[in-house]
Amino acid sequence: MNEPLQSIIGKTTEEITKIVLGLDEAAFRGKQIADWIYNKSAESFEEMKNLPSSLRTKLNEQYRVGLPEVAHRDVSSDGTMKYLMRYSDGVTVESVLLPYKDRVSVCLSTQVGCAAGCTFCATAQGGFTRNLSAGEIVGQLLRMQKETERRISHVVYMGMGEPLFNYDATVDSLRLLGSEVGISLRNLTVSTVGVAPAIKKLADENLPITLALSLHAPDDALRAELIPTAKKWKLEEILEACYYYAIHTRRNLTFEYLLIGGVNDSLLQALALAELLKKSKLPGNVNLIPFNYVDTKRGFRKPVKSQVEAFKETLQKAGRITTQRMIRGHEISAACGQLRQRVDSVKIIPLETLAESTV
Ligand code: SAH
């Protein structure tokens, strides 16, 4: 049986140069290939017109570029584009592109499915399939850059999967985005459910990225109902790891707080959250995310608009800068895992539920 061809996306210029030398070609060809891949989003060796055809032939025999295919694309009226990306083994993940006036931001997946099992999340319902490689993570961005012909400046790791459960590939992909694609590391954000030991490890990587912690509850008991991994890593341990992160990287953190109607959106819970963060001595804003409707076993619902406002005000009065995530791409199911669910027809989410916006 033939070995699957190795992908070039995911390799550094240095690694590509070694490959080129191994094929008896001049070292500078490595830089040319890296430029085609990371700056010009080439998807085949044929496109690399400044390479001798002999080299293109040799590359074709052993390698492939490795850009994912677009299996599906939805465009929202606000310009948000949601992609379903397909890799060579047929698995799919979601990526989202958010164009703003002054910048273009994308949301990337790190795993096919997710093992964290959060009870409110569409991705969790499909279970876990496999990790993505660093090249597969970066490939999502390159594909969107190619499709839209827009330079992407900001990246959030908030798509499918738990980045810190796929630690090595996540860190390698962050380095590639910095050194090969040329995006400022300060514009990269990794979001986690709170894998305490991995947060500390990440702090020691010397990467000036932003860490976002998905808090979603002010105490361990409620948090464990929403996020199963909260039974393993308690808030005290997670916040202590975040403190280590803040001290070592000198970067602020972001605390994400999903608001689910009647579950975690009371004003007492807002006060408890403010107190928890104050005790932790951690700097960083709270970002409120109103629940994007997913049909869950628990029957979770969206929070009412006035409650989101009151929750926000309570936190702000307690001295915590609080923002609310802009609702974008509603009609294209832009919450984590929703597009794949719809396209795969695992479960059809009624569109009228998605369009009806209470926030
Ligand atoms: N595993 C990581 C990153 C992926 S999820 C993490 O948990 O942070 C990215 C963000 O989307 C998380 O804050 C997650 O809680 C949130 N999210 C998941 N499902 C959602 C939904 N139905 N509505 C709104 N936000 C959701």
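The lining of the second largest pocket divides into 7 nonpolar, 9 polar and 10 charged residues. Here Ala, Val, Leu, Ile, Met, Phe, Trp, Tyr, Cys and Pro count as nonpolar, Asp, Glu, Lys and Arg as charged, and the others, Gly among them, as polar. This pocket holds about 490 Å³ of space. Of its 26 lining residues, S7, R64, G66, S88 and E136 are the closest to its centre. Helix α5 gives the most, with 4 residues.

A pocket is found on a 1 Å grid over the protein atoms alone, as an open set of points where a 1.4 Å probe fits, with protein on both sides within 12 Å along at least five of seven lines; lining residues have an atom within 4 Å of a point. Grid points are joined across faces, edges and corners, and the volume is the space filled by probe spheres set on the points.

This is a predicted model, in which local features need pLDDT of at least 70, side-chain atom pairs count only at pLDDT 80 or more, and totals for chains, interfaces and linings use all residues. Residues are numbered from 1 along each chain as its sequence is written, and side-chain values use heavy atoms, with hydrogens and water left out.

**The chain as a whole**

The protein chain has 13 helices and 14 strands. Helices (H or I, at least four residues) and strands (E, at least two) are DSSP runs, numbered from the N terminus. Of the 359 residues in the chain, 55% are buried. Buried means under 20% relative accessible area, exposed over 50%, and partly exposed in between (1.4 Å probe, protein chains only). Among contacts between residues at least 6 apart in sequence, 68% join residues at least 24 apart. A contact means heavy atoms within 4.5 Å.

**Helices with a buried face**

An α-helix has 3.6 residues a turn, so residues three or four places apart point the same way. Three helices can be read with this in mind.

| α1 (residues 13-22) | I16, T17, I19, V20 | 160° |

The arc is that of the directions from the helix axis to the C-beta atoms.

Start with α1. Its buried residues pack against α2 (28-38) and β2 (63-64). On the other side of α1, E14, K18 and G22 are exposed. After α1 comes D24, whose phi is positive, near 60°.

Just after α11, G319 takes a positive phi of about 95°.

L259 is found in strand β12. Its relative accessible area is 0%, so L259 is buried. L259 and I289 are 30 residues apart in sequence, yet 5.9 Å apart in space, C-alpha to C-alpha.

N166 sits in the loop between β9 (154-157) and α6 (167-179). N166 counts as buried because its relative accessibility is 7%. Beyond neighbours within four places in sequence, N166 is in contact with T110, Q111, N131, L132 and I137.

Most residues other than glycine have a negative phi. N206 is not a glycine, but its phi is positive, about 65°. N206 is in the loop between α7 (196-203) and β11 (210-214). It counts as exposed because its relative accessibility is 71%.

R250 has a positive phi too, near 55°, and is a residue other than glycine. It is found in the loop between α9 (235-249) and β12. With a relative accessible area of 78%, R250 is exposed.
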